[in-house]
Amino acid sequence: MIKLQLIGHLGRDVVKKEVNGATVFNFPVAVNERFKNAQGILEERTTWVDCSLWDKGNVAPYLTQGVMVYVEGAPKVEAYVSSNTGALSGALRLRVFSLQLLSRREEEKRKAFTEVPVPEAEPVQEQPADDLPF
């Protein structure tokens, strides 16, 4: 068995489908890689992986665009001829066995932060100078 582990961001919201009575969640994950080329210039490369998660309850509300996830599963490479250019292309697909949410979207973080109630400070009672404990 070949196992692939990825950490990346969802490229769009999850798409939920029913296939032969089973539920499948499809979503693309972008994995970014930074490196210096031979000239010493910093470059960034993004690899897109089409992921499918089968029969795992209702995870759709949590898998939204921009969320960072860790996914683990069995990879599959598919070659095809592009309908636009006629060139040979390929796609990396992953049948996900394990999924972990690593972050939420920024707007959800801000909302969660602003909804936290701030405890009211208790008034400080001053003690008379002659009633000091030392």
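**View 1. Ile 7 and Tyr 70 face each other across two paired strands.** Ile 7 has Tyr 70 in S5 as its bridge partner. The strands joined here are S1 and S5, which run antiparallel with 6 bridges between them. Strands are DSSP runs of E with at least two residues, helices are runs of H or I with at least four, and both are numbered from the N terminus. Two strands count as a pair once DSSP finds at least two bridges between them. What you're looking at is a predicted model, where local features need pLDDT of at least 70, side-chain atom pairs count only at pLDDT 80 or more, and totals for chains, interfaces and linings use all residues. Residues are numbered from 1 along each chain as its sequence is written, and side-chain values use heavy atoms, with hydrogens and water left out.

**View 2. Stepping back, the chain holds 6 strands and 1 helix.** Of the 134 residues, 22% are buried, meaning under 20% relative accessible area; exposed is over 50%, and partly exposed lies in between (1.4 Å probe, protein chains only). Take the contacts (heavy atoms within 4.5 Å) between residues at least 6 apart in sequence: 57% of them link residues at least 24 apart.

**View 3. S5 and S6 make a hairpin.** These two strands run antiparallel and are joined by 13 bridges. Between them sit 6 residues, and Gly 86 in the turn has a positive phi of about 80 degrees. Further along the pair, Pro 75 stands opposite Leu 94 in S6.

**View 4. Here is the largest nonpolar core, with 16 residues.** A nonpolar core is a set of buried Ala, Val, Leu, Ile, Met, Phe, Trp, Tyr and Cys residues joined through side-chain atoms within 4.5 Å. The members that touch the most others are Phe 27, Cys 51, Leu 63, Val 69, Val 71, Leu 94 and Val 96. Strands S1 (4-10), S3 (22-36), S4 (42-54), S5 (68-81) and S6 (88-101) each give two or more residues to this core. Zoom in on Val 96 and, leaving aside neighbours within four places in sequence, its contacts include Phe 27, Cys 51 and Val 71.

**View 5. Arg 95 sits in strand S6.** Arg 95 is partly exposed, at 46% relative accessible area. Not counting residues up to four places away in sequence, Arg 95 touches Ser 52, Trp 54, Glu 72, Gly 73 and Ala 74. Val 71 is 24 residues away along the chain from Arg 95, and their C-alpha atoms are 9.4 Å apart.

**View 6. Asn 20 is in the loop between S2 and S3.** S2 (residues 15-19) pairs with S3 in the antiparallel sense over 5 bridges, and Glu 18 stands opposite Thr 23 in S3. The hairpin has 2 residues between its strands. Asn 20 has a phi near 50 degrees, a positive value in a residue other than glycine. Most residues other than glycine have a negative phi. Asn 20 is also exposed, with 83% relative accessible area.

**View 7. Asn 37 lies in the loop between S3 and S4.** Asn 37 counts as buried because its relative accessibility is 19%. A polar atom of its side chain lies 3.0 Å from the backbone nitrogen of Gln 39. The side chain of Asn 37 also reaches the backbone nitrogen of Ile 41, at 2.9 Å.

Terms used. Polar contact = N/O pair within 3.5 Å; in protein donor to acceptor, adjacent residues only side chain to side chain.
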